[in-house]
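The sequence and the structure are shown first, and the description follows.

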Amino acid sequence: MKKTLLVVAGAVLDADGRVLMAQRPPGGRHAGQWEFPGGKVEPGESPEAALCRELFEELRIEPCERCLQPFLFASYDYGDMHLVMPLYLCRQWDGIAVPQDGQTIKWVFPKKIPAMDLVPADVDLAGAIADRLIGGRRYE
């Protein structure tokens, strides 16, 4: 039986309407591809708590957990496992994003995200971000 993995991701938005994207570090699965930051939900942990923990561990930012806005989710079959990933919008956090795991980060306007080399599970989410965020319509 194929394993189902629950992970969580955040579309972290800055005041200019840009979204924080992270590039997978070399040597791992999907190395060099871009993704919405996040990670695995641990047993007994809510997706919101997991996202706050992961964003702090990976980027040293502390999101406002009660301010996280559920946006959409991905359900993606990677062959060896099935991934389920809720994506939250995060507009409020403390700190400055500084990568902790060797990844590269950049702030990207929503309309430009679908053109990036994305991990497969993030492709449909990127299209929804580009189509549905107000920032995606205002900025090119």
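## Cysteines, cores and the largest pocket

Cys64 and Cys67 are joined by a disulfide, with their sulfur atoms 2.4 Å apart. The model described here is a predicted one. A disulfide is a covalent bond between the sulfur atoms of two cysteines. The link of Cys64 and Cys67 is right-handed, with 55° about the S-S bond. A search of the whole structure finds one disulfide.

Cys52 takes part in no disulfide, and the nearest cysteine sulfur, that of Cys90, lies 7.3 Å away.

| Residue | Relative accessible area | Class |
|---|---|---|
| Cys52 | 13% | buried |
| Cys64 | 17% | buried |
| Cys67 | 31% | partly exposed |
| Cys90 | 1% | buried |

Cys67 falls in the partly exposed class because its relative accessible area is 31%, and that class lies between the limits of 20% and 50%. Cys90, at 1%, is buried.

**The nonpolar cores.** The largest nonpolar core consists of 28 residues. Val19, Met21, Phe36, Met85, Leu87, Ile113 and Ile129 are the residues with the most contacts inside this core. At least two residues of the core are supplied by each of E1, E2, strand E6 (69-77), E7 and helix H2 (123-132). Strand E7 provides the largest share of this core, five residues.

When neighbours within four places in sequence are left aside, Met21 is in contact with residues including Trp34, Glu35 and Phe36. Also among the contacts of Met21 are Thr104, Ile105, Lys106, Val108, Ile113, Met116 and Leu118. A second, separate core has 14 residues, among them Val12, Leu55, Leu59 and Tyr88.

**The largest pocket.** The volume of the largest pocket is about 480 Å³. Its lining is made up of 26 residues, and Arg24, Glu35, Gly38, Gly39 and Glu58 lie nearest the centre of the pocket. Two or more lining residues come from each of strand E1 (3-12), strand E2 (19-23), strand E4 (38-40), helix H1 (47-59) and strand E7 (81-90). Strand E1 gives the largest share of the lining, four residues. By class, 13 residues of the lining are nonpolar, five are polar and eight are charged.

**Residues in loops.** Where is Pro43 placed? Pro43 belongs to the loop between E4 and H1, and Pro43 counts as exposed because its relative accessibility is 80%, above the 50% limit for that class. Although Pro43 and Leu6 are 37 residues apart along the chain, their C-alpha atoms are separated by 9.9 Å.

Two further loop residues have a positive phi. His30, in the loop between E2 and strand E3 (34-35), has a phi near 60°, a positive value in a residue other than glycine. Arg60 is located in the loop between H1 and strand E5 (62-63). Although Arg60 is not a glycine, its phi is positive, at about 60°. With a relative accessibility of 37%, Arg60 counts as partly exposed.

How values were computed: Residues numbered from 1 in each chain as written. Predicted model: local features only at pLDDT ≥ 70, side-chain atom pairs only at ≥ 80, totals over all residues. Heavy atoms only, no water. 1 Å grid on protein atoms, 1.4 Å probe; cavity = no way out; pocket = protein on both sides within 12 Å on 5 of 7 lines; lining within 4 Å. Points joined across faces, edges and corners; volume = space filled by probe spheres on them. Nonpolar A, V, L, I, M, F, W, Y, C, P; charged D, E, K, R; others polar. Disulfide = S-S within 2.5 Å. Buried < 20%, exposed > 50% of the residue type's maximum accessible area, 1.4 Å probe, protein only. Core = buried A, V, L, I, M, F, W, Y, C linked by side-chain atoms within 4.5 Å. Contact = heavy atoms within 4.5 Å.
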